[in-house]
Amino acid sequence: MKKLKIGFVGVGWMGSVQLKRLTERNDVEVVSLFEINKERGTEVLKSVNLLPSILVTDYNDIITNPDIDAVWLVSPNSFHARQAIAAMKVGKHVFSEKPAATVFDDFCKEIELEKANPNLITFVDYILYFDSMEQRLRDMVSKGEFGQITQIQINYRHPVNITGDKVWKLNKNIMGDAIGMGINHAISVMIFAMASQGKPVSVYATSLKSQIRDFQAEPIYNILIKFDNGATGFCFGNIDNGNGYDAYHNIFGTEGGFVFESQIDRPYKVRYWSNKTTDGKWIRPLDEINAGDLVWPDDTTTPDSGNVVEHQTGSAVGHFIDCIKNKTKSPLSFVNSQIIAEIGWAAQMSAKLKQPVLLPLDWNEAKKFFND
Ligand SMILES: NC(=O)c1ccc[n+]([C@@H]2O[C@H](COP(=O)([O-])OP(=O)(O)OC[C@H]3O[C@@H](n4cnc5c(N)ncnc54)[C@H](O)[C@@H]3O)[C@@H](O)[C@H]2O)c1
């Protein structure tokens, strides 16, 4: 079968891991790399046994290369949307790191372009979708193990790395908002866990300026999401500081509950109870002695590492390639993950307007808000 040809963009911390995953596959060929730091680009290419001659110094070289099927965007946040839009306009599939966009008008354009070009495969890397604990949680919720969910809390708190050349993350024009810088992972987890239960209908958020570091954009968000089944979701988001990585989950329903705590020893990280499957008793599924027959496999991953290598990178890469090969849309395409991004835009609006914002987002109102 013909190899899928990739134009890769940005081989920093995350990009170099993804490039490595791609080069480990035999169904793709990375034919071009656009990286503005030539020294790093050359070094990374060497480390994965690719020729330095595939390094290009102009993004247009990727866009105008007729051989390239898909563009892989791991550049800093503010470049994702314009690079994605340019690629989609010439019919190339797009893998985008999150966030999809840092400017609202660009986000709308991405959605419009995908809708107008149904053959294009797009993907936004909400990587926790691939975590096996999250997959189990989604499954348990959809099977009704916790009954009707009434309350769900998912946190995303850790100090984003701003050292060395990652200092761009302090700059609002490049990073965009803090929700797009990682808090959106928690929102994606919540939306997928709740998918079988209800749709989000409104957002109320507050935010706080940097307390510890020098983020231009407010790095602390508290986001309350209402669902049409009556449930309320809550997300504590903080990329300003932390003590390790906090992806705390607390889900409560009419028939059970589920708690995940990042910063304790593995057998105690996850506990749940269900009137349907545990006789209403709390069990720890990562603890064989405690869980008995309900124990989860040893290779079950949990979403509590800031380390991208441990964050299911191979699954995300494989999923996108499979979507192209099978001509199927990803649940994380720009359009299919639209609501996750809209919650981010709505939270920014709500925090400034000091009032709830309804979902789906009214694009005209949002355009007015963000362009004023
Ligand atoms: N999904 C996840 O869990 C996850 C985790 C980490 C990072 N990310 C995302 O990956 C992206 C990169 O983050 P990082 O931490 O690897 O940053 P980084 O600074 O380590 O890497 C960015 C790279 O892009 C290059 N670059 C700068 N401007 C560019 C441009 N205009 N076009 C192409 N390349 C350019 C830089 O030279 C650098 O090599 C960010 O958007 C970030 O949000 C996602």
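Reader: Which atom of glycine 12 lies 3.4 Å from an oxygen atom of the ligand?

Author: A backbone N or O atom of glycine 12. That's a polar contact: a pair of N or O atoms within 3.5 Å; within protein, one must be able to donate a hydrogen and the other to accept it, and residues adjacent in sequence count only if both atoms are side-chain atoms. Before we go on, this is a predicted model, where local features need pLDDT of at least 70 and side-chain atom pairs count only at pLDDT 80 or more, while totals for chains, interfaces and linings use all residues. Residues are numbered from 1 along each chain as its sequence is written, and side-chain values use heavy atoms, with hydrogens and water left out.

Reader: Which polar side-chain atoms lie 2.6 Å and 2.9 Å from a ligand oxygen?

Author: The 2.6 Å one belongs to asparagine 77, and the 2.9 Å one to histidine 80. Of the ligand's own 840 Å² of accessible area, the protein covers 93% (Shrake-Rupley method, 1.4 Å probe; for residues, only the protein chains shown count as cover).

Reader: Which elements give two or more residues to the shell around the ligand?

Author: Those are α1 (13-23), α4 and α8 (179-193). The largest share, 4 residues, comes from α4. Labels like these are DSSP runs, numbered from the N terminus: helices are H or I with at least four residues, strands are E with at least two. There are 28 residues around the ligand, and Glu35, Arg40, Asn77, Trp168 and Lys169 come nearest (being near takes a heavy atom within 4 Å).

Reader: Back to histidine 80: is this residue buried or exposed?

Author: Histidine 80 counts as buried because its relative accessibility is 0%. The cut-offs are under 20% relative accessible area for buried and over 50% for exposed, with partly exposed in between (1.4 Å probe, protein chains only). Histidine 80 sits in helix α4, residues 77-89, and its side chain reaches the backbone oxygen of serine 75 at 2.6 Å. Skipping neighbours within four places in sequence, its contacts (heavy atoms within 4.5 Å) include Leu73, Ser96, Lys98, Pro99 and Glu110.

Reader: And what do the buried residues of α1 pack against?

Author: Quite a list: β1 (4-9), β2 (28-34), α2 (38-47), β4 (70-73), β5 (93-96) and α11 (313-326). The buried ones in α1 are Met14, Gly15, Val17, Gln18, Leu19 and Leu22.

Reader: Pro99 turned up among the contacts of histidine 80. Which kind of peptide bond joins lysine 98 and proline 99?

Author: Here's the general idea: most peptide bonds are trans, and most residues other than glycine have a negative phi. The bond between lysine 98 and proline 99 is cis, with omega about 0°, and proline 99 lies in the loop between β5 and α5 (104-116). Leucine 359 to proline 360 is cis too, omega near -10°; proline 360 is in the loop between β15 (357-358) and α13 (363-371).

Reader: What is phi for asparagine 49 and lysine 354?

Author: For asparagine 49, phi is near 60°, positive in a residue other than glycine. Asparagine 49 is in the loop between α2 and β3 (55-56), and counts as exposed because its relative accessibility is 72%. Lysine 354 has a positive phi of about 55°. You'll find lysine 354 in the loop between α12 (338-353) and β15; at 66% relative accessibility, lysine 354 counts as exposed.
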